[in-house]
Amino acid sequence: MLLSEQDQFLSYNGEVLVFQLSKLKHAQEAGDKTMNLCVRRMAFNRDTKLFVQKSSGVFSMRASHSKIEMICCSCTTDSRTGIILPCILMKKKKRNNVKYFVLLLHSSNQFEPSFYFKLDYELKEDIRLFAGPSLLWRHANKLFYISSNTCVVQSAPVQLSSVVWTGEIVGEGTVVLGIRTACLPETEDPDEFSVSDRAIWGSEFFGYAIQTQKLLTGTCFMPHAYSRVVSSIYVCKTEKLKKQLQVSLVAITYKNQLIWFQNGVPKGVCELPYEKPCLVKPALTSSNDLLFVVSFASGNSCVVQRRDSLQVASKWQKVKCVLVDDFIGSGSEQLLLLFKDDSNTDVLSTFKITDLGEVNYASGVSNKHEVPAAEGLQENGLLTVRALETRLQAGWTSVRELQQHLGLQKRVILESCRALIDLVEERTHILPNSRKEGLVSLWDDVENPAGSLSKETSLVSKVPEHFTEELWQRVVGDSLVVGVKLSESFSLSLSDVSLSLVMDQDFSSISPIIKCQSKIIKLNKAFSALAVSSSQTEPPPKKMKLDLQSKNDLKKEFPKRSSRIQLDGAKTVTAVTSLSPLLAFHRVCCVVLLHARKQNHQVEGLQQSKKITVLCGKILLSLEDISNGRYSVKMLRDNSYCTGSMEDILAVLAVSFRFSFQIVSCDCTLTPVRSWLLGEMECTPFKECQDNIFCHKAGNVHGTIFNWALKNPFEGVLTIFCRNLTVLFQCLHSLTRVLPPSCSVKLLRSGSKGVLTEQLALALEREMLTWKNSLFFKENKAENSLTWGNESGKKVNNAPLAFLLDTEEGVRQFRKKLQKEREESVRSMNQTMSGALYQKMALKIAEAQLSSDMIVWRLA
């Protein structure tokens, strides 16, 4: 702390250290002088409410023909022990030679000289003591520093006009934040804001790390625009996130402001009550309030409080110094204000200890020293209360409006659910009048809604019922699995098939629609392969996705097999939902709906599609049946085989996550994988498909399904169907212990590369056919136009050219024919189409391109 008076005050472990210089003359040598540096440890007594002396110490110095002064004192870290000790910088001036030395004060009140150095000038600007102990200062716009480790004055290769902060930053060591003339690069980057900022203001902030001797960018502290007004700062917090320095600090300016900065962005500002602020330091009180103590050159001080905003909490005049420490031993910090009092010579006779809360001790302080933060506190308090009442009333109004909106939203959803149930049950549903709820209808109101509804209802009844063969349900853990087996005649696209579960009961308080996740599981007749289709992560968007006329099938996935395999196998659609919410009703009846998209015949050269809904049946779920294990999955061993039914296998696959790994061995064959599955994992193959095996091992891995496909003795693909990632990691950990060290295991995004390659070929073929159909439609219209135009001139076209040119009438006919052909040619080159047709063509092309792009992404 730098003071203009000779006495120095320092807070250390809740005590106040008072440093004073005294003179003693020896009688024997009148010309010889001895200067004593005295220290007194003062502690606050809560009973007497006064500071009492605990101990003292003296350090003697010879001062013959010399002048000794105390420059500053601070608490710094001793690099030898890591202990924070009081540190004092002394100056001994003799003629043109100036000697500086640094002293450390130990707990025994013994002074230890740390290092000294000589200069041919006096230190006057930006003197800072920091860890080491070390010392830095500014002279002639240059930065100099010295430490106890080297004892040599070093110069930093930077030019600066002022130092605003010195402290520790994680990963950088001691950092000096200063201001210098802007050093602009030769080629400015127009996208870099800091370059233009420096060019405008002509000065910039910069950080210099003393240990690493490197420069840090100043924009992470403050914008360069503040470099001309900031006098001092205090860095509250620094950390590094993803190699980016995150800084939180407060700064005081020559404009009598205190500004809060977060990562280089100003977050708050407060007007200071006095002029020329020179120092700011923090204090953390018992109520976890962060206070900032600001000292002014005039001898005044104030405290800025940071809660919702920065505001001056209190201010004082004629303050000698302000110390921050735990003076009363409460575990939190307080402020100690030492006031100037000419009538009393005791340095601690006039003081005040406060945390702006419950702690408030004062001795010899008159009321004239303390000034309220703002005049008219009662009036300001009344205005504050009125403003809070207004905000509270506005908040209640917003809450009521939000409650009304939520209630309306709930009624609309329930009415929509009732309409859906009536549609499934082929009952007539009359929509309520939207004006009663203060809503605007999104469709045209008609006089006979029942007639229009019957048209919609026919969508369910007209769909052939032979699309579905079987409806079943299983309980796997806390999940309910509902499956619908599709018939072999089901020729619709599997990428647009899903299931919905709707509760048949009429609940007035909850939505009857059950949230579930649909999956498509396909097993070919030979049972040589198993594939599960579910929602997967899409690649980064490369094209704009169109969503015209409810074409939401763009975001669907693609079939995992070729068309030949899909038509030749059995397909099952499953819906998985949480079981526990349904059991709260004890007995629930649910309607199962199958949704698909049906492709119609080509209209105007493009295929049209519409969504259809198939009523698959109802399922009954009761707590009694589940307790009796009626729908439980039963996987038992029978002569080294697993006897689970096909529905049990599909239920386990529906609730499982699929992961495929490519295993390649360069040195030896992969026979340990089969032995590991049948041995350590205790797996048994299914009777129908022996390539897929079920894990019977006790623990978390029980119920996991494996599929091991060996391409050649050195390469294979292992597919794991597991409940969660924990089971997957356990399986991989067990597998890596039996594999040779030279094996490589690679995660495949979606199946094997051969299947994806076949899918890519089909997708590219579909994309090419889509382009061809679109272009052929336009050319076909042009040809029809030409044919229609030539119908009237058939005779002219059939006549010989020589005969036409022989007569005058023939020449006129030939000219007329040539003119018509020219006009028809121009019309064929300027073919137009309607906007709706263009949208359909663009949608089809986007679907085909998105299909090929996603498969390429999976192959990458």
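Biologist: In this predicted model, is Cys589 buried or exposed?

Modeller: Burial is judged from relative accessible area, and a residue counts as buried under 20%. Cys589 has a relative accessible area of 19%, so it is buried.

Biologist: Which cysteine sulfur is closest to the sulfur of Cys589, and how far away is it?

Modeller: A disulfide needs two cysteine sulfur atoms within 2.5 Å. The closest cysteine sulfur to that of Cys589 belongs to Cys590, and because the two are 6.7 Å apart, they are too far for a bond. Cys302 counts as buried, at 0% relative accessibility.

Biologist: How many disulfides does the structure hold?

Modeller: The structure holds zero disulfides.

Biologist: Let us turn to a helix. What should the 12 residues of α9 span, and what is the distance between the end C-alpha atoms?

Modeller: At 1.5 Å a residue, helix α9, which runs over residues 725-736, should span 16 Å, and its end C-alpha atoms are 16 Å apart, so the two values agree. At the start of α9, a side-chain oxygen of Asn724 comes to within 3.2 Å of the backbone nitrogen of Thr726.

Biologist: Which residues of α9 are buried, and why do they line one face of the helix?

Modeller: An α-helix has 3.6 residues a turn, so residues three or four places apart point the same way. In α9 the buried residues are Val727, Leu728, Cys731, Leu732, Ser734 and Leu735. Seen down the axis of α9, these residues fall within an arc of 165 degrees, so they line one face of the helix.

Biologist: What covers those buried residues of α9?

Modeller: The cover includes the helix α8 (671-678), together with β39 (657-664), β42 (705-712) and β43 (715-722).

Biologist: And which residues have the most contacts inside the largest nonpolar core?

Modeller: That core has 27 residues, and those with the most contacts inside it are Leu480, Leu499, Val592 and Leu594. Two or more residues are given to this core by each of β31 (479-486), β32 (498-503), β36 (569-578), β37 (587-603) and β38 (606-622). Apart from it lies another core, of 24 residues, which has Phe659, Leu718, Ile720 and Leu732 among them.

Biologist: Where is Val322 found, and how far is its C-alpha atom from that of Leu335?

Modeller: Val322 is found in strand β25, residues 319-325, and is buried, with a relative accessible area of 3%. Leu335 lies 13 residues apart from Val322 along the chain, yet their C-alpha atoms are separated by 6.8 Å.

Note on methods: Residues are numbered from 1 along each chain as its sequence is written. This is a predicted model: local features need pLDDT of at least 70, side-chain atom pairs count only at pLDDT 80 or more; totals for chains, interfaces and linings use all residues. Side-chain values use heavy atoms; hydrogens and water are left out. Helices (H or I, at least four residues) and strands (E, at least two) are DSSP runs, numbered from the N terminus. The expected span of a helix is 1.5 Å times one less than its number of residues. Buried means under 20% relative accessible area, exposed over 50%, partly exposed in between (1.4 Å probe, protein chains only). The arc is that of the directions from the helix axis to the C-beta atoms. Contact means heavy atoms within 4.5 Å. A polar contact is a pair of N or O atoms within 3.5 Å; within protein, one must be able to donate a hydrogen and the other to accept it, and residues adjacent in sequence count only if both atoms are side-chain atoms. A nonpolar core is a set of buried Ala, Val, Leu, Ile, Met, Phe, Trp, Tyr and Cys residues joined through side-chain atoms within 4.5 Å.
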